[in-house]
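Please read them with the structure open.

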Amino acid sequence: MTSFLIPALLLLILVLVLLLRPLFFPAKESETSRRQMNAAIYREELDKLEADRLAGTVDADSYEQAHAEMRQRLFQDTDEADDLAVLGSPKKTIVGICLFVVLLSAGFYFYLGDAARIAEKSAEQPMTQEAVEKMVTEFAAKMEKEPDNLKGWAMLARSYRILGQNAEAAKAYARAGSFVDADPQLLADYADVLAANANGNFAGKPQQLINKALALDPNNLLALWLSGTAAFNAQNYKAAVQSWEKLEKQLPPETDEARAIAGSIAEARSKGGLAPATTPAINNRGVSGRVGISSALQSKVKAGDTLMVIARKPGERMPVAVLKTPVTTFPVSFVLNDALAMSPNALISQLPEVSVEVRISKTGMAMPESGDLISSAQTIKVGTTDARLMVDQVRP
């Protein structure tokens with residue numbers, strides 16, 4: 001506050017000095033110009049009167065009377081008060097101007113300052129989850145009164161989707177009707193919601209919506225991702241690779257998204273026995289071995305769990321190769337090579353050694369989650385073919 005008030009006060013003083021300078025420091029020439037002019041005029045009249053007396057056109061009595069009147073008028077018109085009149089009233093003028101400028105500035109400061117503080121205070125209050133849910137609930141109540149507002153129902157559906165309320169989102173998408181049918185992004189969103197509600201099953205309407213979205217926009221990112229995922233789940237790995245490679249071409253290189261989709265493509269190629277996209281660049285040099293599990297954790301493994309073997313450059317978080325496969329019977333054999341690379345610029349074959357660990361996930365998510373079964377990370381020389389990894393811990 002002080003850092004603002006001091007410069008503001010100095011600026012106000014500067015403005016007042018500029019405004020009042022002519023009143024404090026009037027020009028000397030203008031102060032005396034009127035008195036000098038009046039004196040010169042009367043001097044000329046006196047000279048003329050003297051000339052008339054000498055010429056005999058004015059008698060002595062008339063001369064004396066006229067001369068006395070001129071002296072009196074000269075004294076009145078050249079009184080210093082005439083010039084000081086310009087400077088006599090400045091006191092009131094100065095006080096008036098000062099008060100006006102100060103009051104106006106203060107008014108603007110408090111008015112605009114209060115507005116700014118209110119705006120700043122509002123900005124400092126983040127929107128809470130409860131507030132968002134309340135807004136969506138109110139919006140839903142409004143839409144019930146506007147059943148024909150298809151655009152509004154689509155907006156409500158996306159709001160539910162963002163909140164993770166997929167059941168409500170599916171109902172809202174359905175009520176959006178033809179508005180969704182003409183928008184490829186909304187079609188893809190709708191398919192994603194329906195698949196989530198069906199535990200990842202794309203059969204039926206989700207697949208129909210994906211196909212419709214791609215017919216409208218063959219390059220829609222979400223639709224391509226969902227199409228590849230649906231094909232991958234159906235073990236149609238060739239179709240999955242085709243969809244994901246088309247998606248990959250649209251992603252900026254060297255981003256997390258590009259690396260993730262490259263990893264999914266490599267996994268689909270590996271599972272489908274498909275040749276790598278760049279066969280000459282693939283090097284089979286990597287790490288292979290077997291994964292076991294402790295007897296204490298054997299009962300925690302369920303059908304549908306996903307086993308991931310992850311290799312990283314020691315000291316870094318980004319994987320250089322990842323193998324994802326459904327859990328079968330233990331021990332599980334694994335091979336990590338360039339076919340499972342996350343990025344063509346970071347290949348396991350180019351490293352002398354890697355840090356390898358195992359994770360068994362209930363959801364198959366890339367991010368570790370509490371309850372995952374894990375092994376200790378081991379630093380293994382690249383080229384090793386008989387590595388042994390043991391799943392013997394539960395992630396807290």
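1. The largest nonpolar core has 45 residues, and those with the most contacts inside it are Leu156, Tyr160, Tyr173, Val180 and Trp244. A nonpolar core here is a set of buried Ala, Val, Leu, Ile, Met, Phe, Trp, Tyr and Cys residues joined through side-chain atoms within 4.5 Å. Buried means under 20% relative accessible area, exposed over 50%, and partly exposed in between (1.4 Å probe, protein chains only). Among the elements that give two or more residues to this core are helix H6 (129-144), helix H10 (184-197) and helix H14 (256-272). H10 gives the most, with 8 residues. Helices (H or I, at least four residues) and strands (E, at least two) are DSSP runs, numbered from the N terminus.

2. This is a predicted model: local features need pLDDT of at least 70, side-chain atom pairs count only at pLDDT 80 or more, and totals for chains, interfaces and linings use all residues. Residues are numbered from 1 along each chain as its sequence is written, and side-chain values use heavy atoms, with hydrogens and water left out.

3. Tryptophan 244 touches Leu224, Trp225, Gly228, Thr229, Phe232, Ile261, Ser264, Ile265 and Ala268, not counting residues up to four places away in sequence. Contact means heavy atoms within 4.5 Å. A second, separate core of 29 residues includes Val287, Val301, Val356 and Val382.

4. H10 is mostly covered, with 10 of its 14 residues buried. Among the buried ones are Leu186, Leu187, Asp189 and Tyr190. The cover over the buried residues of H10 includes H7, H8, H11 and H12. At the start of H10, a side-chain oxygen of aspartate 183 reaches to within 2.9 Å of the backbone nitrogen of glutamine 185. Just after H10, asparagine 199 takes a positive phi of about 60°.

5. Where is aspartate 372 found? Aspartate 372 lies in the loop between strand E5 (353-361) and strand E6 (373-375). Aspartate 372 counts as buried because its relative accessibility is 2%. Its side chain reaches the backbone nitrogen of glutamate 369 at 2.9 Å. Leaving aside neighbours within four places in sequence, aspartate 372 is in contact with residues including Arg359, Lys362, Gln393 and Arg395.

6. On confidence, the mean pLDDT of the protein chain is 78, and 71% of its residues reach 70 or more. pLDDT is the predictor's confidence in each residue, from 0 to 100. Confidence is lowest in helix H4 (residues 80-88), at a mean of 46, and highest in strand E7 (residues 378-381), at 94. Over residues 80-88 pLDDT stays under 50, and the model has 11 contacts beyond four places in sequence for them.

Conventions
Polar contact = N/O pair within 3.5 Å; in protein donor to acceptor, adjacent residues only side chain to side chain.
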